[in-house]
Amino acid sequence: MKHAFPGIRQWTLATLICVLAVGCGSPRQTVRVGFISGLSGGNADTGEAGRNGAMIAVEEFNEHNTVKAQLIIRDDGNDVEQTRQAAEDLTARKVDVIIGAFTTTTTEAIVSVAGPKKVLVLTPSASAFHLFGKDDELILLNSSTKDNAGDYAMYMHKRAGLTRVSIARDTQNDAFSRSWLTFFEQRLSEEGGIITAIAEFDSRELTDYRHLVKTLLHDSPDTVLFIANSVDTARIAQQLRKADQHIPLFAAEWAGTEQLIELGGASVEGMRLLQNVNLFDEGPDFVRFRGEYYNRFGRNPSYSSVMAYEAVNVVLTAYLKKTPRQSMKNAALHNGPYKGLTQMISFNKWGDMKRESHFVMIRNKTFLPAQD
Amino acid sequence: MRPIPFRLFLLYLAFLVTLTTTLISGVSIFMIRYKGIGERSRKAAEEAVDVLASSAEDILSAVENSIFLLARSSLQMEHGAFGELLDGSVALTPMIRAVYLLDERGMSIAVGTHDPRPSLHEDFVGIDFSNMPLFNALDHDDMFVWSDKFLSILSGDTSIGLGFKTGTAVVIAELSLDALMRTFGSISQTSTRVWVIDRLGELVADSGMSSESGIINVRTIDFMSKAMEQKELDTIVQFNGTQYHPAWAFSEKLGWLFIIGVPAGSDNILIKSTITDLILFSLSFIIVALILIPILSMQIFRDVQDLRNLALNLAENGEIPAQKQNRIREFNSIRLHLHDMHAQIREREDKLKLVNQTLEKMVDDRTRALTDRNNELQATLGNLKQVQEVAMRSEKLAALGRLVAGIAHELNTPIGNTLMAVTSIKDRQEALEQEKAFSDRERFEKFTRHLKTGLQIAELNIQKVAELVNGFKHVANDQTSSVRRTFDLNDTIDDVLLTLSPMLKRSPHSLKTRIAEGIIMDSFPGTIGQILTNLITNALTHAWDEGQKGKILVRAEPVIPGTTNGDTAACDWVRVSVQDNGRGIPESIGQQVFEPFFTTRMGKGGTGLGLNIAHNGARNILGGILDFHLNKDGGVTFFLDMPVRAPEL
């Protein structure tokens, strides 16, 4: 029997298919991206620069896609408990993924909350080696401490000819700095170098700079290396320069932000450090990003801006390509490699990657490629 | 619909009335107040933000004054004394986290903090602040510059700075975001929300949520972005799920944008309290109504009960209880009307009784009359039956008479011939007897030939007589005994026509037959013959006027019941029809021809039963139909449709 109008049965079927498609199949029309970084406290420079990079990535995504991304930002306060609370809050808000944090200790705090709930975490910059090579809900966009610390040791010995190294280590982000120190020490030792002193500090309690500086310079080191954030590096460098105007200074990649220069002043001139992002890249993508960032925030992007921008792009690209039954983690791992601002981003099966490394030196209040 | 008790009905009514009243009045009050509150809130936000911006400038002017004095003092005082002054000043100003005294190169000379270390402590001296954006922004003497949010090297936390340069001295005060927020919060009302945004779009203070300070870059928030661009804002904006009436003011002095949000919609305290008031008012109204109405309606309920009892008494006993006065006029009126109604009903009942008695008598009389009439009718019906029987007998006798007349007529010729032959033989024999002997051989032979011829004639005619008698016997038997048997329809029709031949011969009309061969039937030939005889006799009697010569066609053929034309031999029905070309049957008569005693020849020998009997016989005995139709070219055709095998009787 022919119907003059489409039958109720056909309409019902069509509606059912639509409902099922929306309910079970295609991605939601809004993807919720949680973002946790240190926006107050000593890591606020890294965190804020990262937040700015993530904001640009989300705005660009929303401009070009019908699926919209919502960035939900939380401050970890550079504090483990506050980080956990932020992660709890974001998972309660049913975020699809969490970008963050920017230090190893806070990243571990996020994973301890999000992991059991199977919420994927992408850390733009955390790099402690023990986070790598694990089948967990964490994807790392930075090289490991083993790679970076090894590069430092190699650089000091082979290129700068510095073998006696004195180290100031922050214990607030202990997981990172300990891991970093371990691999540095190991590689330096392999290269024939030695560590003359290790001065550990917690910036929240640090008041006796004189003693710290004395410890660092006690055994005539060739150089002083800071495994600390930019504020602490600048703060101690300021004190150290009062005692020694000339000793070469190195800082772990963590400190490599604009604030290091602003706060360190003349004391950080000549300081060398490694950047996992080539901030001198002249490729069109990075030049566009740098211009946009400067126009928006009045300063140049830091490594954390680039890494956070890339992390957001990775998760949003993966989300669009995600199949209905695929987890976010699998989608992120199997839809690469991704085009980064300065290099391609591809993960191994554990969700780890290795970034390019570039040594820079602070000269005339700016980062320049290291000459040696 | 199930009826409900009156008391429940009153409760429903009370609830409905109070609910509707409170709903309408509540919504109206809410709508009016909502609009007013909204307008007041917007205006309040606009006024408050201007006050906030100017008050903030005033309060922060105190900080400016402090560092102005410190800067000027630094130029005139020796270091030790200035250090003490600096420590004392910072200690007295909780909002200030630290004050740095810098030289022209940006190197710290003294740093006053809330730390136990004095401002001239070696840790604080010799720090290079030359790369600090605020230091670099102080390019003119005697100018105050407020910074954007920055990370403090001293506290390691996000801060706001105020810089002042005079001569060779540069003084920078560092204020914590928390302190700023507390200050702005104290200026604004507790119910309003204050946001302070620096030039870079960073939220430096948020009175509603301290954790948001320093976290949000307002470019992610639409209304704040608009305010940054100094555009007009929407009437209501949303922030973290709360609605606000926003207003902004820009402080040129501080370089900061102040936004105040007065909670809007359900977040507004006045609207909240209005809603609470309305809900409380409605609830109290409903509760009071529900308590009071049953009490107040008790009297009405009693009155209704009285009326009910009154009506019940009237209905059951017809008694009128003693009258009570109600307080409600309408109830008294109902009571009076009930009494009136009762009196009128009584009166009507009496009248009805009378009418009833009369009617009963009339019914008795009519019943008796009807019984008498019925008896008469029964007697008439009995007589009619007798008459019908008599008529039927006379019809049968008439048929018998026609049969006998036919027999007599048919037998007359052969018997006459036989008689003539026998008489001739007898004459010859007598003549021969008188001669005593044949005179010669020739005469003998002539006599013998004559005798032979006479005997042959007699034999033939006697055989004819025998055949005729046999035929008549069949017809007579069939018509009188109604025997069912198997027969050839052709033979039966021939026999019938034979019996009718004398009548036909006497008439001027001619009859033709067209009978299909080989129709063998298992039926009642007598009834068929009787019907056919009747139809032919009717045609001869009624179809034509005197002196006319008519034609009759008798046909027999297989047929499908109800059709007018004969059809294939496969049919197990047969049609026998008698067609004449006479005057036909007037339309006014129609089917009346089959009714008993209907005749157009009453008193001229017609009984009016012939077609009725034929009609009944066709239906009841043969299981068929007898009907007729008028021919197109005049005359009428009667047809008898019947099954080849008659139904069992």
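**Exercises on a predicted two-chain model**

At 1.5 Å a residue, the 18 residues of helix α6 (residues 174-191) of chain A should span 26 Å, and the 25 Å between its end C-alpha atoms agrees with this. The expected span is 1.5 Å times one less than the number of residues in the helix. The model is predicted, so local features need pLDDT of at least 70 and side-chain atom pairs count only at pLDDT 80 or more, while totals for chains, interfaces and linings use all residues. Residues are numbered from 1 along each chain as its sequence is written, with chains lettered from A and ligands numbered from 1 in the order in which they are written. Helices (H or I, at least four residues) and strands (E, at least two) are DSSP runs numbered from the N terminus.

**Exercise 1. Describe the surroundings of α6(A).**

Step 1. A residue is buried if 20 or more other C-beta atoms lie within 10 Å of its own, exposed if 12 or fewer, and partly exposed in between, with C-beta atoms placed from the backbone. Buried residues of α6(A) include Phe176(A), Trp180(A), Phe183(A), Phe184(A) and Leu188(A).

Step 2. The buried residues of α6(A) pack against α4 (104-114), α5 (145-159), β6 (164-170), β7 (194-201) and β8 (223-227) of chain A. Contact here requires C-beta atoms, placed from the backbone, within 7 Å.

Step 3. After α6(A) comes Gly192(A), with a positive phi near 100°.

**Exercise 2. Determine where Asp76(A) lies and whether Asp76(A) is buried or exposed.**

Step 1. Asp76(A) belongs to the loop between β2 (68-75) and α3 (80-92) of chain A.

Step 2. Asp76(A) counts as buried because it has 30 C-beta neighbours inside 10 Å.

Step 3. Not counting residues up to four places away in sequence, Asp76(A) touches Ile36(A), Ser37(A), Gly38(A), Gln82(A), Thr83(A), Ala86(A), Ala101(A) and Thr106(A). Between Asp76(A) and Ile36(A) there are 6.2 Å in space, C-alpha to C-alpha, although they are 40 residues apart in sequence.

**Exercise 3. Characterise the largest nonpolar core.**

Step 1. A nonpolar core is a set of buried Ala, Val, Leu, Ile, Met, Phe, Trp, Tyr and Cys residues joined through C-beta atoms within 7 Å. The largest has 185 residues, and those with the most contacts inside it include Val33(A), Val312(A), Val171(B) and Phe258(B).

Step 2. Helix α11 (residues 303-321) of chain A gives the most to this core, with 12 residues.

Step 3. Apart from this core lies another of 40 residues, among them Leu489(B), Ile536(B), Val593(B) and Leu640(B).

Methods
Contact = placed C-beta atoms within 7 Å.
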